[in-house]
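Dear colleague,

Please find below the structure that I am handing over to you.

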Amino acid sequence: MKQLALSINGTTITGPAGMPNGGWSTLMQIISAGITWLIIAGIVICLLFMIWGGYDWIWSTGDKQKVHAAQQKLVYAIIGLIIIFLAWAIIGVVYHLFFGGSAPAAGGPRPH
């Protein structure tokens, strides 16, 4: 890191202790990682709701209200997955429009 530090007349200039000083690339990495984690969490939650809805449907024992409630869980979970994948696609298109190329995965290489 010393090679990247700013120095004037041999004196190394550093920022305040604990202050992030990575610039835009660090901010983009943080945002990219956050979006990736949100998408993964959303997918996992939707899949859990699908399992829960399937379980409720199996154990509804023919009660129409319980079957309807289970179907609603499944429908809402599928709608949630569709929304998550559409959001992921929109983020990719916006990234492509502003930065060119494909959207980076969290931890991947960044444009300079």
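Trp-52 has a relative accessible area of 44% and is therefore partly exposed (buried means under 20%, exposed over 50%, and partly exposed in between, with a 1.4 Å probe and protein chains only). The model is a predicted one, in which local features need pLDDT of at least 70 and side-chain atom pairs count only at pLDDT 80 or more, while totals for chains, interfaces and linings use all residues. Residues are numbered from 1 along each chain as its sequence is written, and side-chain values use heavy atoms, leaving out hydrogens and water.

Tyr-55 and Trp-59 form a tilted aromatic pair, with 6.2 Å from centre to centre and 55 degrees between the planes (rings of Phe, Tyr and Trp, the last by its six-membered ring, pair if their centres lie within 6.5 Å; planes under 30 degrees apart count as stacked, over 60 as edge-to-face and the rest as tilted). Tyr-55 is exposed, at 52% relative accessible area, and Trp-59 is likewise exposed, at 55%.

The structure holds two aromatic pairs. In the pair of Phe-49 and Trp-52, the ring centres are 5.4 Å apart and the planes stand at 45 degrees, so this pair is tilted. Phe-49 is partly exposed, with 36% relative accessibility.

Lys-73 lies over the face of Trp-52, 3.7 Å from the ring centre (a charge sits over a ring if NZ of Lys or CZ of Arg is within 6 Å of the ring centre and within 35 degrees of the ring normal).

Ser-60, by contrast, is buried, at 3% relative accessibility.
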